[in-house]
Each structure stands twice: as C-alpha cells, then as structure tokens.
Amino acid sequence: MLKNYLNLAWRILGRRKFFTFISLFGISFTLGILMVVLSFLQSELGTNSPLSNKDSFVYIQQTSLQRTYYDTIPTIDTIFEKDQILYDTTYTYKESGTGVSQSSLSNSIIETYLKDLPSASNMTKFMPGNLQDVYVNGIKLSLNILLSDANYWSIFDHKIIEGRSFGEEEVESGTPVIVISTETAMNYFGRKENVVNEEMFINGITYKVIGLYPNNGKIISYVSPDAVSPYTSMVSSRKKEFYFGPFNVMYLAKPNSIKQLKSDIKAVAGTVPLDHPDNKYDYKEVIFQPETYNEMYAEGIYYDGGDAEKSLSIMKLVLICLFLFFTILPTLNLINLNVSRIMDRSSEIGVRKAFGAHQGNIITQFIVENIVQTLLGSLIGFLIAWILIQIINNGGYLGNSVLSFNLKFFVYSILATLLFGVLSGFVPAYKMSKLQIVDALKENKL
Amino acid sequence: MIKLNNITKVYRTKTIETTALNEIDLHVPKGEFLSIMGPSGCGKSTLLNIMGLLDEPSGGTIQVDGQTISKYTSKATAQFRNKKLGFIFQSFHLIPDLNVIDNVELPLLYRKISKKDRREMASKALESVGLANRKQHFPNQLSGGQKQRVAIARAIVGNPTIILADEPTGNLDSVMGDEVIEILTKLNKENNTTIVMVTHDERMAMKTDRLIRLYDGSQIA
C-alpha cells in the first residue's frame, strides 16, 4: 500500500508541475538560505578552532574609573520692600551626574589584582588592534599584529601547522619571534608553507618566524590576527600608568564557574586602591565589566550602556525572530498551498471513498504526498546550500570566513520541515476525509 | 439483493425543509437490471446514492446483499462498498493524475492484492470494455465514450455484485450511449450482476428488465 502511495505521490508531483515548482522552490530556497546563514554563525560563533574553549571564556576589555560630579546652583529671589528691590541668593550643592573614564587594562592592575583568581583555570593578556605597516618589494602591507603572553596559545587553540608557538621564556626575554597566519605568509613570502626560520622586518625590528597557523576568518581581531608576537618584543609608546594600559584579558573559567568568575572579577575591582597618584581626577570607584565571548560579540553589534547580558539577550531575540520570520512565512505558504491542493481534489477523495477508501487511507495518501514533496525540497535545499557555500568560500565573499556544511542542522531542518509537511497535510486531509461522499463528488472537479 | 424500507431523505436549512425522497419501498432482486426515471430533481440520484451507501437516508432501513447498513462512515462500510458495489457516474469521475490502467486499478488498491494481480485484473476489465490499447493514456486524452468505458472497467474490476450507474449515457451521443448500455447489458446477462441505472433516456430505460418512475420524491410506477 505504501508503495502505491509513494508511486502516486511521485506522479502527482510530476503531473502538477506548477504547483510542484512553487512548493519545492519555497521549501528548498528557504532551507538552503537558512543553512548558509547557520554555517556563517557556526563559523563565527561556533566552538571550533581557535575558539574550542569559547564557552568558558570571560573577557575584560577595559578598566572604568567613575566619579560623581557636583554643581553649585545659585537661586536668586527678588523681594519688593519699601519700593526697593532686594535680592536673596541661595546656593545649593548637589550631584549633577557621573563621569567615567575608560581604557584598556594596565599591566600592573592585571599582575597585582586580576591574576590567579580561584574560579579561573587560565588567563591571557594581550594587546589587540596593533596595526603595523610592513613593506614587501616596495608594496605596503598592513598587518594586524597581536602582542600577547605565552598563555594566549593555550586559550586560543590555533592549529599550528608549521613550527611552534612562543613560550614564557621568549616573552620574558622579549625575543623578537613571530607566529604568522597562512595569509600573512602568502602576502609576505609569496607562499603558504616553509616559512619557519624566515625573517620579517617590522617596525625597525627583525622578527624570526617560528610558527604558522591557518586563517580562520573570524571577525574579532584578537581571534584572527595576521600575526602574534610576545608583547615584550615591541616597545609600547604608551606612557605607563597605574590604572590604564594597553591590555585586554581573557580568562578560561573553571567548569561551571562563569558566574563565579564574573563575580570574583567585579569584587576584585573594589580592592584596587584609589589613592594612587595617577588618580588625578578624584575617581571614587574602579569597575571591571567581565563578559562572556557571546556577550562581547553581541555588544559589538548592539551596545546597551555596557549591559552585555542585555545585548546578548537582544541579539538572541533578534536572531530567533529572524529565524521564525524566514521559516514561518514559507511554512504558512506551504500550508496554504497544501490546503488548496487538497481542497481542489475533493472529487478525487469522493471517488476513492466510493470505491472503498476509508478515512485512514485518504489521510495517509495526502501525508505521504506531503512527505515526498518535503523530502525532495529538502534535498534540493541541501544542494542549494552546498553550492552557495562553495561559491562563498571560493570567491572569498565573506573575507577569510570559511563556511562549512552543518549536517546536524540539516537533519534538524529536515525533521522540522517534515513535521510541518505532515501537519500541513494532516489538517486539510482529515477535514476532507470526513466529507460526505456525495458532497465531495458534487464538487465535480475531475 | 437491495431492500429499501420506508426510505426518506429530507434536506433541512434554517428556513426550509425539502423532502427529496418520501417513504420509498423498493426491492431489487439479484441479477436484475433496473432503471429509474423521472424529471430533474425528483430524487433519482439521491435514491441511487442511498443504495450505494454514498449518502445517508433521513429515515428508513437499507439492506444490501443481506446486510443491514447502519454506520455509513465506518471502515467496515468502506470495505463493503469496495467489495460489493461498483459505481458509474454521469461525468465519469476519472482521476486526471492517473493513467487509464491506474484509474481502473483504483478499487483494488484498497484490497490486499499484489500489484501483478491488480494489473492483470485491470487489464482484463479494460479488455472487456474494448480499451486494452489505451492503458497508458490519461483521461484528458480520451473521448467521452472512452472515458465512460474506463469508468465501467473501474466499476467492474473488483467483480462487484451490484453496479450503480448514475446517468451513464447522459454525457454521450446516442451511438456511444448504445455502446455503454450494450456493455452493461452483457455484464448483467453474463455475470448476473445486479445493475441499477438512473437515466433520463426512455430508449435506454426500455432496454432494462424493469423501470420505476419517481416524481417529487415518491415512487409513482
């Protein structure tokens, strides 16, 4: 019987070409685009190299120093007394707002207060956004060089495909060594391999290339730098201050300790002294704003007064709404098409019932038709996604982002579309299967 | 074979009540070729639909092949229709998405019969109506007479004991109409199939064993 239903479903698809085209186009195009979008999100926010530990990351970008401003407000009253104007002035001293100074963290703050927190298993400090111009055969090449400590390599797990990363001794001694990305190797040396022990001349210093890692195409600069070198290898022109400096900090929280670590970091801020000579503006409070990787990412897209958790919630909500929008519309369309398709075949239902089909036969027939159609649409969607991903990767339309096909999502999508297919077929089929045979035959659309 | 006792059919709306059939008593013995005539709207098709268990009467009882019918939507009634009854409609009611042989096979889909046997039975039915060479055609590739012969093949493929034909020649010219009646008569004579046919055509009705006439929902002859 099932074979008959499948056979019939296949014939119906072939015979009703326009309807089949519209349905398959809706299913496959929606699924294809969703899979490409998800591949991008997976590539950017997924737990893959160098972000395999991403879900345990807690990030501090800056120190905030806060103070309260006070204003003296004069109030002048005028009084008429004996044909004379008298003035009575009152002075009020009250809060008029708060002022905040923010900047990256200083080495002294990190080493004295932020190191060795009990809820963190590891920590790295690094200076992001360090752009250096280098010249290759007279052509300028701008490199985003990340200056970091040795821990950077154990927190961000770049795959070293040639050579090695640098260690603590090289950081302590300020050895001019550098680990570069394959793209940098290509741009600087004209090849993507055999670059270890080569030299690069950067900012007046000759660096020895000791390692090579593949480009990962992430947007965040410290995750996807062009090169990484010990922070001690480059002399910072920045004046050394107690509160502010050039560093960001990334922690690796111990298992299930993200909240604790955030709270530890916030608490540590209260122990930073305010009577240091660098506190020239009488700041009254030191604030650290720890955030998870996803919160940091969300804040980059939607900043909400420093409330990273709210930014993440809003980003998630927007993504869910977009997902629903792009899935519900085609689903409703599919349901609508199925309803009209089944209604249009009421005479056929009448004939089938007249010749012995019972309600279950009718419902099963239409559901099988929907399942065949949905599966076919999903397969075409799979092909569309695969082709788009190849085009995007080969053409480099998303920078260095390398999209990969997400099979898990594909399976989930098929299950979801199958569910919609079954439901969208079941409701009208059930309704029509209950139709009196004479009423169905009266439609006379055969 | 078919016994109708005191059958009535009333259509009710909020404001009006229309009696389509009024206390019909009818007995169609096995092997009879009965025709029903009457003016449009007199209840001929309604009566045929009730005999074929396609519609429920408002009152009265029906016995078909010795079985009293009470539930019209049950699986058992569907199976009963499948095995005992065959239908021929004025407007053929062939499924346009299926080719001729698949249309003829339709009643057999709801029985436990292998595909090979189904094909054989459908081919024989098509041969018996002279359409063995049209198996792979689709309904829209056939003439009216050919469509009705496919519909007859579909009605007889499962060897039903009763065939109910609702104006089977109504959409055909006289030559094709004669061909259809010839096939039905042959079926009746050779297979002893009971046939009840609704018709407007006196000439066709005269070729059957018995003729009853309806007027305003009542049997007048």
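I began with the hairpin that β4(A) and β5(A) form in this predicted model, where two residues lie between the strands and Asn137(A) takes a positive phi near 50°.

Next I looked up what else β5(A) pairs with, and I found strand β10 (residues 227-230) of chain A, which pairs with β5(A) in the parallel sense over four bridges. Here Ser148(A) stands opposite Pro230(A) in β10(A). I also asked myself why β5(A) is largely enclosed by the rest of the structure. I wrote down that seven of the 10 residues of this strand, which covers residues 139-148, are buried, so the strand is largely enclosed; buried here means under 20% relative accessible area.

I turned to another sheet of chain A, an open one of three strands in the order β3-β2-β12, with antiparallel pairing. Its edge strands are β3 (84-103) and β12 (285-288) of chain A, and each of them pairs on one side only. Neighbouring strands of this sheet are turned by 30° against each other on average, if direction is ignored. Between β2 (residues 63-81) of chain A and β3(A) I found 19 bridges in the antiparallel sense, and Ser64(A) has Gln102(A) in β3(A) as its bridge partner.

I then went to chain B, where I noted an open sheet of six strands with mixed pairing, in the order β6-β7-β8-β3-β9-β10. Its edges are β6 (85-88) and β10 (218-219) of chain B. Within this sheet, β3 (residues 33-37) and β8 (residues 194-198) of chain B run parallel and are joined by four bridges, and Val196(B) in β8(B) is the bridge partner of Leu34(B). Helix α6 (residues 174-191) of chain B packs on the sheet, where it touches β3, β6, β7 and β8 of chain B, and its direction makes about 150° with that of β8(B).

Last, I looked up a helix pair in chain A. Helix α2 (residues 17-45) packs with helix α12 (residues 407-433) at an angle of about 145°, with the axes 11 Å apart, and the crossing is right-handed. Among the residues that make the contact are Leu31(A) of α2(A) and Phe409(A) of α12(A), and the contact residues divide into six nonpolar, two polar and no charged.

Definitions and conventions: Residues are numbered from 1 along each chain as its sequence is written. Chains are lettered from A and ligands numbered from 1 in the order in which they are written. This is a predicted model: local features need pLDDT of at least 70, side-chain atom pairs count only at pLDDT 80 or more; totals for chains, interfaces and linings use all residues. Side-chain values use heavy atoms; hydrogens and water are left out. Two strands pair if DSSP finds at least two bridges between them. Contact means heavy atoms within 4.5 Å. Axes are lines fitted to C-alpha atoms, for helices over the stretch in contact, and angles run from 0 to 180 degrees between N-to-C directions. Buried means under 20% relative accessible area, exposed over 50%, partly exposed in between (1.4 Å probe, protein chains only). A crossing is left-handed if the near helix is turned anticlockwise from the far one by less than a right angle, and right-handed if clockwise. Ala, Val, Leu, Ile, Met, Phe, Trp, Tyr, Cys and Pro count as nonpolar, Asp, Glu, Lys and Arg as charged, and the others, Gly among them, as polar.
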